[in-house]
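Have the sequence and the model side by side.

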Amino acid sequence: MKAKVEKIKAHGVNCFINRQLIYNWPEQLFADAGIMSIEHADFDGIERLALVTGGEIASTFDHPELVKLGACDLIEEVIIGEDKLIKFSGVAAGEACTIVLRGATHQLLDEAERSLHDALAVISQTVRETRTVLGAGCSEMLMSKAVDGAAAKEGGKRQMAVEAYARALRQLPTILADNAGFDSSELVANLRSMHYKGYTSYGLGTFFDFEFADLDLINGAVADARDMGVIESYLLKKKVVIGASEAAEQLIRVDHILRAPMRKRDRH
C-alpha cells in the first residue's frame, strides 16, 4: 500500500479520486502528504469529471510523465437535504454544470429527468440550427390558416382531407389550453379569430404569471407570443410536423387488416 501511495504522490497531485475503497492507512499517508483522497467515486461520475477537469483516468501509476492531470479551482463538500455531495468549481472546461433533481417519489424524479433531457436535447439542436419560431400555439395556428386556404382551392373529398389536416394542426393549442385547465374551445376560437384579423404573432398566454396589456394571462387568454418571449426551435417544429404527417400517411395506406385465426381448443 505504501509503495502504491508513493507512486501516486510522484504524480504531483493534491487530490486523488478513487473508484474503490481507500483503507485507513493509505488515507493517512495521503493526508500526511497534503493530498485529499476521495473514495467510492461512481463510474459515470468519474468519466464526466475527467472530461470537464481536462484530465484522464489512470489505471496504473508506473509512468507519471504520461498521465494528464485535471484541474479545478475549488473542491468542497456541500449538503443538499440529507445528502452530502462533493462540488468541483472552476473546472478547466469552463462550461460544465450539475443539475440536482429532488422529489418525493421515484416516478416524479423520472418524469423530471425525462423532461429535462428533452429540453436539453432541444437546446442542443437549436445551437446548430439557430432559427426559431413563435410558440404558445402560434406556429400551429399559422400553419392551420395556410392549410385552410389551400383547402378552399381543392374539390371533392380531397378538400375534406386537407381540412382535416388543418384541424389536426389546431390540436396543439387545444392541448395546451386543456393541460392548463382552461376552456380550450373558447381560447382556440379566439386565437383563430385573432390570426384571421391579422394578428399573426398571437398565441396562448396560458402559462405565464404576468399581465400583458388588458389581458389577464393568469386566467388564460391570447396575447402576442413575441412580446411574451415564447419561442421554439424551428428544427424541432419541422421534425414534429413531418413525423406526424408521415405517421398519418402510413395509417391511411393500410387498406387490409390481417387477422390470425383463433386457435382450436382440443380436449385431451
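**Rings and pockets**

Phe 16 is buried, and Phe 61 is buried too. Buried here means under 20% relative accessible area, with exposed over 50% and partly exposed in between (1.4 Å probe, protein chains only). This is a predicted model, in which local features need pLDDT of at least 70 and side-chain atom pairs count only at pLDDT 80 or more, while totals for chains, interfaces and linings use all residues. Residues are numbered from 1 along each chain as its sequence is written, and side-chain values use heavy atoms, with hydrogens and water left out.

The whole structure holds 2 aromatic pairs. Rings of Phe, Tyr and Trp (its six-membered ring) pair if their centres lie within 6.5 Å; planes under 30 degrees apart are stacked, over 60 edge-to-face, and the rest tilted. The ring centres of Phe 16 and Phe 61 are 6.0 Å apart and the planes meet at 70°, so this pair is edge-to-face. The pair links distant parts of the chain, 45 residues apart. Phe 16 sits in strand 1 (residues 15-17). Phe 61 is in the loop between helix 3 (43-53) and strand 3 (74-80). Helices (H or I, at least four residues) and strands (E, at least two) are DSSP runs, numbered from the N terminus.

Now find Tyr 196. The charged end of Lys 145 sits over its ring, 5.4 Å from the centre. The test is NZ of Lys or CZ of Arg within 6 Å of the ring centre and within 35 degrees of the ring normal.

Next, the pockets. A pocket is an open set of points on a 1 Å grid over the protein atoms alone, where a 1.4 Å probe fits, with protein on both sides within 12 Å along at least five of seven lines; lining residues have an atom within 4 Å of a point. The largest pocket has about 1600 Å³ of space. It is lined by 38 residues, and Gly 45, Arg 48, Cys 97, Thr 98 and Ile 99 are the closest to its centre. Strand 4 gives the largest share of this lining, 7 residues.

The second largest pocket has a volume of about 1200 Å³. Of its 39 lining residues, the closest to the centre are Cys 15, Phe 16, Ile 17, Asn 18 and Phe 61. Helix 3 gives the most to this lining, with 4 residues.

Technical notes: Grid points are joined across faces, edges and corners, and a volume is the space filled by probe spheres set on the points.
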